[in-house]
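Look through the sequence and the model before reading the points below.

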Amino acid sequence: MSIAAARAAELLMQLSHPARLRAFAELVRAGAEGATIAELSIYLDQPKPEVAELLGRLVGAGLASGTGNGLFRVRAEVLREAAQGLDREQPINSLLTDFPQLKSYFAHGRLTSLPPTMSERYQQIAELFARFLAVEGVLTEDEVNARIAPVADDVAAVRRMLVETGWLERDRAGTTYGSASVTTR
């Protein structure tokens, strides 16, 4: 597990506790003004010592900050930074830098939609996936699907797009795939 994934998992683990999540939500609601333990105790209907423990865990995880005068504020940017760290590690994101016009078709390193079939963007996204797959030799359909699955939910649509645009060629039996020069032998 990468450092970014471990950090995101730690934050999600802290927020998976219902009472901590409610405390975090109340701090978000309080905004820049923040809230005291006493105020949060009222909002959360929890005793002050329990609220103090909840806040201590949020502060320890970096999700909140506390001041010497007992005021606590949310640090929501920590969640954004964790999400951005995970996004940077998505396998297709490094290739998306060469195709900035295609970023709107992806969210968090996953394909969310395909452009219209006859469009220039359709050809470009096919090229992007062809580079991502980096097919050398012949692959079975399961192997092609396994390579596409980390970045797209509809692997069949992506596989079909690659065949339609000529970046991937299927043998006559429909069981193996490869670059056009490999499968035409």
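Contact here means heavy atoms within 4.5 Å. The model is predicted. It contains an open sheet of three strands in the order β1-β3-β2 and an open sheet of three strands in the order β6-β8-β7.

**Helices α8 and α9**
- Helix α8 (residues 141-148) packs against helix α9 (residues 155-164) at an angle of about 110°, and their axes are 10 Å apart.
- Angles of 65 to 115 degrees count as roughly perpendicular, so α8 is roughly perpendicular to α9.
- On the α8 side, the residues in contact are Glu141, Val144, Asn145 and Ile148; on the α9 side, they are Val155, Val158, Arg159 and Leu162.
- By class, this contact of α8 with α9 has five nonpolar, one polar and two charged residues.

**The sheet β1-β3-β2**
- Pairing in this sheet is antiparallel.
- β1 (35-36) and β2 (64-66) are at the edges with a single partner strand each, so one side of each has no neighbour in the sheet.
- β2 and strand β3 (residues 71-74) run antiparallel and are joined by three bridges.
- Ala64 is opposite Val74 in β3.
- Helix α2 (residues 18-30) lies across β1, β2 and β3, at about 90° to β3.

**The sheet β6-β8-β7**
- Pairing in this sheet is also antiparallel.
- β6 (138-140) and β7 (169-170) are the edge strands, and each pairs on one side only.
- Three bridges pair β6 with strand β8 (residues 176-178) in the antiparallel sense.
- Thr140 has Thr176 in β8 as its bridge partner.
- α8 packs on this sheet and touches β6 and β8, with its direction at about 85° to that of β6.

Methods
Residues numbered from 1 in each chain as written. Predicted model: local features only at pLDDT ≥ 70, side-chain atom pairs only at ≥ 80, totals over all residues. Heavy atoms only, no water. Axes fitted to C-alpha atoms, helices over the stretch in contact; angles between N-to-C directions. Helix = DSSP H or I, 4+ residues; strand = E, 2+ residues; numbered from the N terminus. Parallel < 35°, antiparallel > 145°, perpendicular 65-115°, else oblique. Nonpolar A, V, L, I, M, F, W, Y, C, P; charged D, E, K, R; others polar. Pairing = 2+ DSSP bridges.
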